[in-house]
Amino acid sequence: MCRRKGITFSKIHLIDLFKDFKTIAIVGLEKNTGKTETFNFLLNNLQKNYVLGITSIGIDGEDEDQVTHTKKPNIFVDKGVIFVTTEKFYKQKNFLSEILYVSTRSTSTGRIIIAKALEKGKIILSGPTTMKWLSEINLKLFKLGVDKILIDGALSRISSSTISDALILATGAAISLDIEKIVEKTSEIIYKINLPKYPENIEIKPGIFSKEQEFIESSLLNIKNFEKLKKYKEIIISGALTESFLKNLINKNIYPTLIVKDISKIFVKSFYIKLFQKKGGKIFVTHKPNLILITVNPYSPYGYKIDEETLIKKLSKETSLPIINVRKVEKYGCGI
């Protein structure tokens, strides 16, 4: 075991984090930040106590990264795990499995296949191409008897959906060899993920509207007269919330409540968000991810290594969430 801020952590405690969540998404801040290792850590440990379903947005589990051409961790399933892939990759596997479902729709690599592993083996995950389709596949997985679903996800797409009830963020040396830059980029996304969810269910139509659904403009780019925004207490923005727009509001002392769909629509540095909030403005999202864990990978895809203890210590000043190196947790039972 080990301690951070007076809290004792162990593998058991960390696995216990997930007991109340049925759909868990693992996303990387960038490629090669340890997302697949985190996915494997959860797969290896949760499958001991639960019937697991595993899927992906896109493709994961290849031997080599398609961008850096460096070796990637493989995904191995044990007997009983229910996995989602497509025809191309299902045919490439070398272990016995039972097909439970074949979709009528196809992806670029064939139809979606849901199958149950009858023995241990390596698999490439290849899932639905849209969030709506992924939601449908998840429903099928639950109907087939899974207790929990692990999703290998993309941050920009998972953040825009209520498809998962828990989110894990992987960060690390692939971002930079400068620890300060890793902390800065990771802290930026953590701050945005923690923006509050709007307390009411509202419709977000294309364009800019008041809370009362009064049309304001078709796009932020078309707003020239900022003075007219002073009469609105709450403004709903369907597209991107830009830094230039927020700066204009600050410069003109206009501080309404802004409502956007999710953090993927916010193209503003946290500095300006905090300044806007300090002056009395508010920013809400209608879809908020539930971030419960941050994992760090101290190795870059090119073989360099950073000081993980320094990284974790600095990140711990930005969030109270557990921050771990899953490789150490798996090997030693402690990763902090």
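How many helices and strands are there in the chain? In this predicted model, the count comes to ten helices and 22 strands. The chain runs to 336 residues, and 53% of them are buried.

Next, the nonpolar interior. In soluble globular proteins, nonpolar side chains tend to be buried together. Here the largest nonpolar core has 62 residues, and the members that touch the most others are Leu229, Phe245 and Leu258. Helix H6, spanning residues 179–193, supplies the largest share of this core, with six residues. Where does this core sit relative to domain 1 and domain 2? Both domain 1 (15–195 + 289–327) and domain 2 (208–285) give residues to the core, so it lies between them. Zooming in on Phe245, and setting aside residues up to four places away in sequence, its contacts are Leu220, Ile223, Phe226, Leu229, Ile237 and Leu258. Another core, this one of 32 residues, lies apart from the largest one, and its members include Phe39, Ala117, Ile123 and Leu293.

Helix H6 also packs against another helix. Its axis and that of H9 (residues 308–316) come within 10 Å and cross at roughly 35 degrees, and the crossing is right-handed. On the H6 side, the contact is made by Ile179, Glu180, Ile182, Val183, Thr186 and Ser187.

Is Thr38 buried or exposed? Its relative accessibility is 1%, and the cut-off for buried is under 20%, so Thr38 counts as buried. Leaving out residues up to four places away in sequence, Thr38 touches Ile26, Ile168, Ala170, Thr295 and Val326.

Asn32 is not a glycine, yet has a positive phi of about 70 degrees. Asn32 is found in the loop between strand E3 (23–28) and helix H2 (35–46), and at 21% relative accessibility it counts as partly exposed. Asn253, also not a glycine, has a positive phi of about 55 degrees. The loop that holds Asn253 runs between helix H7 (243–251) and strand E18 (257–260). With a relative accessible area of 55%, Asn253 is exposed.

One more loop residue is worth a look. Ala240 sits between strand E16 (234–237) and strand E17 (241–242), and its relative accessible area of 32% makes it partly exposed. Which residues does Ala240 contact, leaving aside its neighbours within four places in sequence? These are Leu220, Lys265 and Phe267. Leu220 is also one of the residues touched by Phe245. Along the chain, Ala240 and Ile263 are 23 residues apart, while their C-alpha atoms are separated by 9.5 Å.

Note on methods:
Residues numbered from 1 in each chain as written. Predicted model: local features only at pLDDT ≥ 70, side-chain atom pairs only at ≥ 80, totals over all residues. Heavy atoms only, no water. Core = buried A, V, L, I, M, F, W, Y, C linked by side-chain atoms within 4.5 Å. Buried < 20%, exposed > 50% of the residue type's maximum accessible area, 1.4 Å probe, protein only. Helix = DSSP H or I, 4+ residues; strand = E, 2+ residues; numbered from the N terminus. Domains from an automatic or database assignment. Contact = heavy atoms within 4.5 Å. Axes fitted to C-alpha atoms, helices over the stretch in contact; angles between N-to-C directions. Left-handed = near helix turned anticlockwise from the far one by under 90°.
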